[in-house]
Amino acid sequence: MLVEVEDLRIEFAFEGRVSVPVRKVGFRVPENGRVALVGESGCGKSLTALALGGLVDRAKITGEIRGRPRIAYVFQNPMQSLDPVMKVGAQIEEGMRAGSRPDRLRRVAELIEAVGLPPESAKKHPCELSGGQQQRVMIASALAQDPELLVADEPTTALDVTTQKEVLDLIARIADERKMAVLLITHNLGLVSAYSREVYVMYAGEVVESGAVAEVLAHPRHPYTQGLLAAVPRLDAPRDAPLADIPGTVPPPWDWPKGCAFHPRCPKAVATCSADSFVRCPLV
């Protein structure tokens with residue numbers, strides 16, 4: 001097993017208030033695995049992934065993270081991650097650990113080619129590239145670190161549908177070629193079906209359902225998973241059919257509801273779901 005997380009809890013204290021955006025989270029990423037963390041914004045997915053690389057500051061972190069592979073991240077908005085005044089090639093080179101300058105420049109050219117960008121891209125600034133090209137630069141920068149695990153955190157946000165597929169296909173292809181594990185963070189279960197083998201559904205800082213992608217998508221048990229799946233647009237739906245959604249919003253991490261955190265939004269909630277003695281959803 002490449003990474004194994006057990007009972008992860010991340011706690012912040014601010015102005016006398018305690019916030020616990022991640023609590024009791026556990027999941028595994030096997031070698032060369034394809035794993036997805038799924039849930040709405042505010043469920044703790046990104047914070048969980050950052051904790052794998054020790055990138056969470058000013059927090060009390062408990063639980064276990066077993067396995068410390070080389071991790072690289074591809075974030076959702078490349079323009080916030082790329083330096084606007086540095087040329088693309090120099091930014092990719094920054095991630096390289098060793099080697100002479102000619103060797104590093106040669107490797108930059110190889111990575112530029114590997115992610116499907118023209119060679120002249122290395123001499124351009126990020127603003128001269130499209131959103132999809134910028135994300136390819138981010139992938140090249142991540143690969144420069146020779147990672148064993150690539151964390152792709154909403155890597156297709158703000159990209160058109162065609163470019164989304166190109167970026168995800170690129171990540172999948174490179175991961176296969178390099179025998180690299182991928183942890184995909186997304187709110188879209190439609191993406192999970194094509195690019196992951198195992199899925200962990202998160203809500204309010206907890207994993208509420210997990211399993212093989214095919215099984216979870218075919219037979220979702222938790223009402224939250226069912227809601228996420230129902231919200232995926234269908235090509236065979238009538239053109240005037242309303243888009244499904246989950247009523248309400250994710251509560252703030254300093255005010256999780258008692259019992260099952262999803263019960264205020266759950267259409268199948270019963271009295272025991274809000275009880276202090278609640279342990280797990282009876283449907284799962």
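## Basis

The model is predicted: local features need pLDDT of at least 70, side-chain atom pairs count only at pLDDT 80 or more, and totals for chains, interfaces and linings use all residues. Residues are numbered from 1 along each chain as its sequence is written, and side-chain values use heavy atoms, without hydrogens or water.

Buried means under 20% relative accessible area with a 1.4 Å probe, protein chains only; strands are DSSP runs of E, at least two residues, numbered from the N terminus. β5 runs parallel to β6 (residues 149–153), joined by four bridges, and Tyr 73 has Val 151 as its bridge partner. Strands pair if DSSP finds at least two bridges between them.

Among the residues with the most contacts inside the largest nonpolar core, which has 82 residues, are Ile 92 and Leu 149. Such a core is a set of buried Ala, Val, Leu, Ile, Met, Phe, Trp, Tyr and Cys residues joined through side-chain atoms within 4.5 Å.

## Largest pocket

The largest pocket has a volume of about 560 Å³. Glu 40, Glu 154, Thr 186, His 187 and Asn 188 are the closest to its centre of the 29 lining residues. A pocket is an open set of points on a 1 Å grid over the protein atoms alone where a 1.4 Å probe fits, with protein on both sides within 12 Å along at least five of seven lines; lining residues have an atom within 4 Å of a point.

How values were computed
Buried means under 20% relative accessible area, exposed over 50%, partly exposed in between (1.4 Å probe, protein chains only). Grid points are joined across faces, edges and corners, and a volume is the space filled by probe spheres set on the points.
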